[in-house]
Amino acid sequence: MFHELVFYCKELESFILRNQIQEFLEGEHDSFFAEEMLKTIQTESLKIPNSEKQKYPNLPWDKMDTMWQKDLARAYDYIDLKMLYYVCVYEIPKFTKTIKLEIR
């Protein structure tokens, strides 16, 4: 259940590191890939039942479940690229590390 969520988080982290991305630029494929990965991560998080999430209260489930609406989408087709970069580079690795420690 958590395996898929961790898998996609790690894939996004690897993508950022492998391509040495320092920022996202408008119209670049890197930002599009990151957007799609974050949508997938959110979808995987939403698949986890609340009963399971409650077993791990130290994880920011609300943030994972609503990051797209609250943090990234600013208007109909506009994505805040600075926030996208921040979430990909700082929030996702922190979440991945925490979830791996918690579910052991």
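**Notebook: helices, cysteines and salt bridges**

**Notebook: helices, cysteines and salt bridges**

I looked up Lys 39 to begin with, and at 33% relative accessibility this residue counts as partly exposed; buried means under 20% relative accessible area, exposed means over 50%, and partly exposed lies in between, with a 1.4 Å probe and protein chains only. I note that this is a predicted model, in which local features need pLDDT of at least 70 and side-chain atom pairs count only at pLDDT 80 or more, whereas totals for chains, interfaces and linings use all residues. Residues are numbered from 1 along each chain as its sequence is written, and side-chain values use heavy atoms, with hydrogens and water left out.

Side chains of opposite charge can pair when their charged atoms come close. Both Glu 36 and Lys 39 lie in helix α2, 3 residues apart, about one turn of the helix, and Glu 36 is partly exposed at a relative accessible area of 31%. Helices here are DSSP runs (H or I, at least four residues), numbered from the N terminus.

Glu 44 is buried, with a relative accessible area of 10%, whereas Lys 47 counts as exposed at 56% relative accessibility.

I compared the length of α2 (residues 29-47) with expectation: at 1.5 Å a residue its 19 residues should span 27 Å, and the end C-alpha atoms are 27 Å apart, which agrees. The expected span is 1.5 Å times one less than the number of residues.

**A pair between helices**

I also looked up Lys 53, which forms a salt bridge with Asp 65, the closest N and O atoms being 2.6 Å apart. This pair links distant parts of the chain, with Lys 53 in helix α3 (residues 50-53) and Asp 65 in helix α4 (residues 61-72), 12 residues apart. Both Lys 53 and Asp 65 are buried. A search of the whole structure finds 5 salt bridges.

**Helix α1 and the cysteines**

I turned to helix α1 (residues 2-18), whose 17 residues should span 24 Å at 1.5 Å a residue, and whose end C-alpha atoms are 24 Å apart, which agrees. The buried residues of α1 include Val 6, Cys 9 and Glu 13.

I searched the whole structure for disulfides and found 0, a disulfide being a pair of cysteine sulfur atoms within 2.5 Å. Cys 9 is in no disulfide, and the nearest cysteine sulfur, that of Cys 88, is 10 Å away. Cys 9 is buried, with a relative accessible area of 1%, and Cys 88 is buried with a relative accessible area of 1%.

**Helix α5**

Leaving aside neighbours within four places in sequence, Thr 96 is in contact with Val 6, Cys 9, Lys 10 and Glu 13, contact meaning heavy atoms within 4.5 Å. Lys 100 is found in helix α5 and counts as partly exposed at 37% relative accessibility.

Technical notes: Helices (H or I, at least four residues) and strands (E, at least two) are DSSP runs, numbered from the N terminus. A salt bridge is a side-chain nitrogen of Lys or Arg within 4 Å of a carboxyl oxygen of Asp or Glu.
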